[in-house]
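Subject: Structure for you to look at

Hello,

Here is the structure I said I would pass on. Please open it before you read the notes below it.

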Amino acid sequence: MTLGWLLVQFALCAVLIARAGYVLSRSADALAEANGWGRGWVGLALLATVTSLPELASGISAVAMVDAPNLAVGNALGACVVNLLFLVVVDALQRHQPMYREASATHLLSAGFGVVMLGFVALSLVTGTRAPAVLHVGVYSPMLLALYLLALKGVHAHERQAMAAGTATRTPAPAGQTRDEWRRFGLAALVVLAAGSWLPQVADGLASEAGLSRSFVGTVLMAIVTTLPEMAVTLGALRLGALDMAIGNLLGSNLFNVMILAVDDAFYVRGPLLADAAPVHAGTAATALVMTGLVIIGLVMRPQGRTLRVVSWVSVGLAATYALNAARVYLGGV
């Protein structure tokens, strides 16, 4: 397959995922209004799960069909750092004051869980083949799954307590309208899943034709395309004035992306997935840890100033950390 045809397929995947992500954002917001759900919870749980379907489909396809563990691991961890990088865009679009001045403190909880989960992944990547396993699955996989479920429960309980003081009332939407929104939501999710399943084969071909490493393609190229739904949903939430939904979607997607590694591990029958992944991914996990730490600092300190009147200094740190990691993977990936 020629490089040009592969690039066409790659671009088509990007267009399909971006369009479906925009439909998801509109339908999810309509469902939140119809059912009385909080926008923060919708961003963290519903939207974050569905917009991460490309990473889920791509990861399973990469290990089960392409036999490329570095694509799967690079895509999941690369998507985490791309999501965190996109917070820079969110910050820049908040013209009145830096994003961290207006964001809910609830995001500290999801970011904290992200740090713990990423820490387990980094430890497993550094340990390599010495990490304990049960059959062909690494012992880290059930731990990641348990932490993800605990994070959802904890954040949901925290948000319910925060909303308990409110007395918002709303008129229920007609049942037919709600069904239509669920139908649109489901169709968009299927498009995202189909395009995400197609993507790893295209990305693997690009890696071969262009002479790029699978780690670089997974961590940078695939990660950018598979996070297009998150970007579309985030921009849609910002247009609605729902900053917490936008941030919750990105941080929630990171929790789901790390949990995806446990699912990929179950489909990778040759042994523990992270044991066969290249050591370069430990650096990406560490990068995600540093970037999440910067977000936590921003949510606690809530900086007021802007660098060059565009973004806060936290966003400058996020962008610089991402660039350093992309260069490191390009120069030393396999």
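Predicted model: local features only at pLDDT ≥ 70, side-chain atom pairs only at ≥ 80, totals over all residues.

Residues are numbered from 1 along each chain as its sequence is written, and side-chain values use heavy atoms, with hydrogens and water left out.

Confidence is given as pLDDT (the predictor's confidence in each residue, from 0 to 100). The chain averages 83, and 92% of the residues score at least 70. Helices here are DSSP runs of H or I with at least four residues, numbered from the N terminus. Confidence is lowest in helix α9 (residues 214-226), with a mean of 72, and highest in helix α13 (residues 280-301), at 94.

Now the helix pair. The axes (lines fitted to C-alpha atoms over the stretch in contact, with angles from 0 to 180 degrees between N-to-C directions) of α3 (residues 53-64) and α4 come within 7 Å and cross at roughly 160°. That makes the two helices, α3 and α4, roughly antiparallel, a label for angles over 145 degrees. Contact means heavy atoms within 4.5 Å. On the α3 side, the residues that meet α4 include Ser58 and Ala62; among their counterparts in α4 are Leu71 and Asn75.

Last, Gln94 is in the loop between α4 (69-93) and α5 (99-102). Gln94 counts as buried because its relative accessibility is 14%, and buried means under 20% relative accessible area (1.4 Å probe, protein chains only). Leaving out residues up to four places away in sequence, Gln94 touches Met99, Glu102, Leu238, Leu243 and Arg306.

Regards

How values were computed:
Buried < 20%, exposed > 50% of the residue type's maximum accessible area, 1.4 Å probe, protein only. Parallel < 35°, antiparallel > 145°, perpendicular 65-115°, else oblique.
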